[in-house]
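Open your viewer and get ready to click along. We will visit the ligand and then a pocket.

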Amino acid sequence: MLDDAIKEQLKSYLEKLQRPIELVASLDDSAKAQEMRGLLTDIAALSDKISLRENGDAARRPSFAIGLPGEAPRIHFAGLPLGHEFTSLVLALLQTGGHPPKLEPALIEQIKNLSGRFQVEAFISLSCHNCPDVVQAFNLMAVLNPGVSCTMIDGALFQDEVNSRQIMAVPIVYLNGAEFGQGRMTVEEILAKLDTGAAARAAEELGKKAPFDVLVVGGGPAGAAAAIYAARKGIRTGVLAERFGGQVLDTLSIENFISVKETEGPKLAAALEQHVKHYGVDVMTLQRATKLTPGELVEVHLESGAILKSKTVILATGARWREMNVPGEKEYKAKGICFCPHCDGPLFKGKRVAMIGGGNSSVEAAIDLAGIVGHVTLFHRRDTLRADAVLQNKLNSLPNVSVIKPARIIEVTGDGEKVNGIAYQDLVSNEIKRLELEGIFVQIGLLPNTEWLQGALELSPSGEIVIDAKGHTSLPGVFAAGDCTITPYKQIIIAMGSGATASLSAFDYLVRS
Ligand code: NAP
């Protein structure tokens with residue numbers, strides 16, 4: 001099942017096991033069960049600390065669990081954890097075997113102190129790059145707290161369950177049978193939801209912090225670069241972010257980050273965070289800024305009620321996916337309206353989907369989806385696509401793709417539970433038409449995360465922060481960088497460069513004032 005190179009690598013990881021662990025398989029006669037047996041047999045052969053038994057009693061088959069001999073296992077995999085989930089499998093083996101997790105001691109304590117029973121079902125797809133974080137977070141909680149159990153469920157394998165629960169986006173998590181959350185989530189975010197007193201405690205701690213020299217708002221590439229440049233000057237630097245990594249977390253393959261031939265978003269995001277923390281920057285995640293007040297010390301007000309003060313502030317709040325703003329879109333979000341083709345594409349295997357947009361993102365995603373779904377119809381509002389010619393040629397060569405342009409999307413329709421079609425105006429004939437389909441992927445560019453700054457400083461008509469070549473905004477002591485600004489070409493490397501520029505300008509401001 002596993003090739004020799006992977007076996008060799010896994011064997012060396014498994015040398016870190018500190019105690020015996022047990023794999024418990026619940027198989028059936030399917031071909032997938034044979035594959036699973038092959039995988040488990042391969043793993044068990046790699047370490048004398050791993051045993052395998054095939055008399056599991058799980059209802060979902062084929063599946064397997066990882067636990068300690070003599071104890072009911074708490075980590076379950078309903079599906080083969082290959083693809084993006086292979087790391088989840090390796091971590092589950094190591095952590096169950098006593099290898100210490102890489103997590104701050106305070107969070108480990110918080111997990112151990114959670115009381116109650118938490119039965120987690122995490123639906124994923126193997127091509128989803130956001131899913132492993134969720135699975136790994138809950139698996140780790142299951143290792144640390146006997147009240148927690150987690151089952152990863154491959155939606156492509158358990159299609160009946162996906163259909164009966166009307167799941168149309170992954171990752172999606174059910175806690176004790178009820179929907180808990182959808183999308184990427186970190187251990188911190190999960191704990192904040194489960195441990196209701198945690199947010200108030202965190203706000204109280206934040207409110208006590210001494211003023212910063214540089215406070216960066218945003219933890220994407222621009223914010224990370226700004227923080228590193230500031231911290232290297234030896235000044236008191238903080239980063240405030242909802243989550244570290246920003247949009248990079250939602251990007252799968254990155255091939256234009258100069259000097260790195262190929263990487264993946266989550267990998268780059270983790271590297272950014274490590275680099276920032278290496279300089280002792282005060283990183284404050286799970287925080288949302290709501291107001292900026294200028295002054296000798298600039299104040300950043302947080303949703304939690306805390307107020308942070310700093311001599312300079314660098315705004316690097318990035319951007320988010322633009323929505324179509326048509327009736328039905330909000331109602332059917334995650335019920336057929338999707339923004340992550342890599343994550344949700346496999347849930348539409350063999351079905352009919354639409355792709356909205358004419359840029360590189362939409363055309364690239366339409367090409368990828370065509371390999372999974374039954375048919376893709378790409379809708380664009382103009383008569384020429386904006387995407388690169390090489391992508392357009394590929395798109396046009398695919399037999400199961402059609403392009404409708406110019407067309408204006410009017411409405412997303414559904415049956416109350418999920419999407420069942422799209423209404424559009426053909427801009428040549430002006431006729432209103434309707435197409436029946438099961439999914440709609442929207443890739444129409446970005447919106448800056450600057451609503452909270454309205455009235456505080458100068459924004460462009462499209463809401464981007466107006467800056468000069470050195471990253472100065474219209475407010476003294478406040479700088480900005482990256483996708484939330486008027487900087488053209490929203491690219492990772494450009495965001496990082498502008499973060500560095502803003503940081504050097506902030507330092508210059510501190511020196512002069
Ligand atoms: P984009 O290039 O800005 O394209 C957005 C598309 O959505 C445009 O075709 C736009 O139409 C359309 N659109 C905007 N608002 C709309 C609305 N309300 N309703 C319907 N359609 C709407 O964005 P992107 O494709 O996400 O790409 C962002 C950047 O990343 C670009 O610089 C792109 O080149 C780059 N990128 C590169 C690659 C690659 O090199 N392989 C892959 C992905 C992205 P109009 O054309 O009418 O404006």
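A word on the model: it is predicted, local features need pLDDT of at least 70, side-chain atom pairs count only at pLDDT 80 or more, and totals for chains, interfaces and linings use all residues. Residues are numbered from 1 along each chain as its sequence is written, and side-chain values use heavy atoms, with hydrogens and water left out.

Next, pick Arg386, where a side-chain N or O atom is 2.6 Å from a ligand oxygen. At Gly359, a polar backbone atom lies 3.4 Å from an oxygen of the ligand. The ligand alone exposes 920 Å², of which the protein buries 69% (Shrake-Rupley method, 1.4 Å probe).

Now show the whole shell: 13 residues surround the ligand, and the closest include Ser361, Glu364 and Arg382 (a heavy atom within 4 Å). By class, one is nonpolar, seven are polar and five are charged.

Move on to the second largest pocket, with a volume of about 530 Å³ (an open set of points on a 1 Å grid where a 1.4 Å probe fits, with protein on both sides within 12 Å along at least five of seven lines; lining residues have an atom within 4 Å of a point). Of its 29 lining residues, select Pro73, His76, Gln119, Ser149 and Thr151, the closest to its centre. Finish on β5 (118-124), which gives the largest share of the lining, four residues.

Key:
A polar contact is a pair of N or O atoms within 3.5 Å; within protein, one must be able to donate a hydrogen and the other to accept it, and residues adjacent in sequence count only if both atoms are side-chain atoms. Ala, Val, Leu, Ile, Met, Phe, Trp, Tyr, Cys and Pro count as nonpolar, Asp, Glu, Lys and Arg as charged, and the others, Gly among them, as polar. Grid points are joined across faces, edges and corners, and a volume is the space filled by probe spheres set on the points. Helices (H or I, at least four residues) and strands (E, at least two) are DSSP runs, numbered from the N terminus.
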